[in-house]
Amino acid sequence: MTAERARVTVFDTTLRDGEQSPGCSMNQQEKLRLAHQLDRLAVDVIEAGFPIASDGDFEAVKAIAAVVRRPIIAGLARACRPDIECAWEALKHAARPRIHVFLATSDIHLQYKLRITRDQCVAQAREAVAFAKSLCDDIEFSPEDATRTDPDFLCRVLQAVVEAGATTVNIPDTVGYAVPSEFGQLIATIRRRVKGIEKVTISAHCHNDLGMAVANALAAVAAGARQVECTINGIGERAGNASLEEIVMAMRTRPDQYPYETDVVSEQIFAASQLLSETTGVAVQPNKAIIGRNAFAHEAGIHQDGMLKNPLTYEIMTPKSVGVPDSKLVLGKHSGRHALGLRCEQLGYHFDRRALDDIYRRFVRLADKIKHVEDHHLLELIRETHKPATSATPLIEPLPSAKAAGASAPVVNVAPANLPEPEPVKPFPIASHTNPFGAPLPVHSDPHHEHTQQEDYLWGV
Ligand code: KIV
Ligand code: ZN
């Protein structure tokens, strides 16, 4: 019998902390579209904005609260009356409103930014939460810069806000300074020392300045936090926030290490990522985990060979599980004969081993020059290679199906300048005796096979 997994609340702050990153601000229509996508993604909480920050943000939070009814809608407020009143005004018609109050607690912030004493900080936090609680049942409190706050003092502030009615206490690593082991210990200390903490949800809010936001968030969950704050594509102040897709997929892919579950519909991740980058115009780095353009792309021959035999060799999750249409075999100088042969077949050409060898050598020379070989380059190369007048035996033979189909069968000996437009990539044909790329699965036990599996591997990669 499998043990029940603890549920973790996913608090998405793409529309608030994410929006605070340079180039990522969004207008009301854009925020609304994204909020609907976050709803399809089934996040638990959408932090829709910081209502006092601008009229536009106020209206956006209000509009989202009015139409997105399933998730909790949160609005941010500093620990003062005008902010809290403004947040409540924007949120009060939400089906499930939450006011998120924050106040810095580290000595650096108290001394240089707020210019208040520790005692004043405790009093202000307590009063702000009590006031927010008089308006709304669901109150989250964040001690900003918690990870650079004296832990004794942090516990004192948290004690005060729990007594004042906070229902979630969020621990921000505001400047991305923490490392996983100490962040986990901080959560454990809070659980041990703050009275009444068992009645409230502990949350982790991690920034990525040292590239450890996701690791820190997961360490917090392992130590007992039950809410994670994160953003799509990891956008956020400076180096960003913990990325939603990475946290969710880490839990889903490694339940042995992270036995927690979320309600996120992971198949909606890619659509959310695409919508966000289209909306903001901020592209995702190609090697970004889960949703980068290369996250399911393979160029090395050895990897392509493995992928053709079984995707488990080089993929730890399926692209479909995160809404990416398919894995890609990219043809470049690291590619091998197996992937090249498959692509040729998909373009309508079948080569025997000798012919493929010949094409392959030319292909590698070309790839060295132009880096990325597109289908139209490959077709050109095939036509160049297949010159009946200069070759005793034609090296290539278009597949009968391609000949019959007509349209995709290339004209031999067409001068490069007259080449047709690149052909659209055809979907990979999938049959039960093929792998997901449509390549035939290898025969494992035929001793009379012309080449051994090992020879074929060495030849093909
Ligand atoms: O990083 C941070 O401290 C914040 C708080 C407002 C939660 O974003
Ligand atoms: Zn933040």
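This is a predicted model: local features need pLDDT of at least 70, side-chain atom pairs count only at pLDDT 80 or more; totals for chains, interfaces and linings use all residues.
1. Strands here are DSSP runs of E with at least two residues, helices are runs of H or I with at least four, and both are numbered from the N terminus. Two strands pair if DSSP finds at least two bridges between them.

2. Ground rules. Residues are numbered from 1 along each chain as its sequence is written, while chains are lettered from A and ligands numbered from 1 in the order in which they are written. Local features need pLDDT of at least 70, side-chain atom pairs count only at pLDDT 80 or more, and totals for chains, interfaces and linings use all residues.

3. Strands β2, β3 and β4. Strand β2 (residues 9-12) pairs with β3 (residues 45-49) in the parallel sense over 2 bridges. D12 has I46 in β3 as its bridge partner. β3 also pairs with β4, again parallel, over 4 bridges. There, G49 is bridged to G75 of β4. Strand β4 (residues 72-78) is mostly covered, with 6 of its 7 residues buried (20 or more other C-beta atoms within 10 Å of the residue's own, these atoms being placed from the backbone).

4. The ligand shell. Ligand 1 is surrounded by D17, F102, S142, E144, N170, P172, T174, H205 and H207 (C-beta atom, placed from the backbone, within 6 Å). β6 and β7 are the elements that give two or more residues to this shell. The shell divides into 2 nonpolar, 5 polar and 2 charged residues. Nonpolar means Ala, Val, Leu, Ile, Met, Phe, Trp, Tyr, Cys and Pro; charged means Asp, Glu, Lys and Arg; the others, Gly among them, are polar.

5. The whole chain. The protein chain has 17 helices and 14 strands. Buried residues make up 44% of its 461 residues. Of its contacts (C-beta atoms, placed from the backbone, within 7 Å) with a separation of 6 or more, 71% join residues 24 or more positions apart.

6. Confidence. Residues 389-432 need care in reading: their pLDDT is below 50. Beyond near neighbours in sequence, this stretch has 54 contacts in the model.

Note on methods: pLDDT is the predictor's confidence in each residue, from 0 to 100. Two residues are in contact if their C-beta atoms, placed from the backbone, lie within 7 Å. A residue is buried if 20 or more other C-beta atoms lie within 10 Å of its own, exposed if 12 or fewer, and partly exposed in between; C-beta atoms are placed from the backbone.
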